[in-house]
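Student: I have a chain to look at and some questions about it. Can we go through them one by one?

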Amino acid sequence: IITRILKEAAKQGSFSHAYLFSGPRGSGKTTTARLIAKAANCASLKNGEPCNECASCKAVNEGRNLNIIEIDGASTRGINDVRDLRENARTAPPSGKYKVFIIDEVHMLTLHAFNALLKTLEEPPEYTILILATTDFEKVPATISSRTQQFHFKKIPLKEIIGKLKTITEKENISIDSEALELIASAAEGSLRDAESLLDQLSSQADKKITTEQVENMIGKAGFQTLNECAGYLLSDDLENALSLISKVAEEGYHLPQFTKDLLVFLRRAAVLSVSPKMSEEFKRELTDKHLSALEAHAKSFNVGKHIPLIKNLIEAYSQMRYSQFPIIPLEVAVIESISSSSS
């Protein structure tokens, strides 16, 4: 929807003088801001998108377009910095139609800086576009947000991240297990930038060949198969194998609080599907078809009366594990208590 609205604005040449992009990290806020800046000065738009052929587009691609000014709100956050921006905004662009100011992490500005920025938002020069990006919308004063066109970016669906990573691995001739690819995408938690960064780290260390084990070792996080196996033991009251698997996870150096958190997310989805199978449509955004099928199988064996107490015990264990020198103990106790009480 955001792409469609902005492309239509580009076609009509009706850009707003101020935008506010909010949403989780790596969801495309800054990238979209740069595309707006590029499209605003493009001499020959193609269906609302930059042509990449005119002098302005080439200057942007080569990083020498003086019409685009990017500011990091985390480090350039004081009133004097915003005053400099205001002075800069008063002068017409050296070429093209617009000067575009992109302020990333705008919520980090000081109160005085926000007040100085407000004057520019109230009376923006006709050749100026201000694009504010933030991961914390609530910290942006209402006086600022109310004077902008607002767009909220969502986490990128898992399948889209996997598709993008697949394209990159094919282009770069990187050999990677499908499970490893899914684990990288999952670890990014909806951030394409984080996924690409992790893939880059792994490919530089693994000499163009990446396995699931290498990804697990890098991020200290167990893959879907391990979670699937553990959930199966817990839901079938198989205490011996459940404890054995937890011990193996600990011995292999995985971060146990993270493992417990991932296990809770897994069991939560199984619980939801057990009482509302229609939620599978929602989970399709977050899971591959293979993983969703595995969850649906577990949902059939999920017993609300028996397994909701298990989830509650794991939540309690997770809260204790984060501050314990022996994180395996709260997890083992939670599993033993839950399975023993349900069996009796």
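This is a predicted model: local features need pLDDT of at least 70, side-chain atom pairs count only at pLDDT 80 or more; totals for chains, interfaces and linings use all residues.

Tutor: Residues are numbered from 1 along each chain as its sequence is written, and side-chain values use heavy atoms, with hydrogens and water left out.

Student: How many helices does the chain have?

Tutor: Helices (H or I, at least four residues) and strands (E, at least two) are DSSP runs, numbered from the N terminus. The chain has seven strands. Its helices number 17.

Student: How many disulfides does the structure hold?

Tutor: A disulfide is a pair of cysteine sulfur atoms within 2.5 Å. The count for this structure is zero.

Student: Which cysteine sulfur is nearest to that of C42?

Tutor: C42 is in no disulfide. The nearest cysteine sulfur lies 3.5 Å away, and belongs to C51.

Student: Is C57 buried or exposed?

Tutor: Buried means under 20% relative accessible area, exposed over 50%, partly exposed in between (1.4 Å probe, protein chains only). C57 has 0% relative accessibility, so C57 counts as buried.

Student: What share of the chain's residues is buried?

Tutor: The chain has 344 residues. C42, at 6% relative accessibility, counts as buried. Across the chain, the buried share is 46%.
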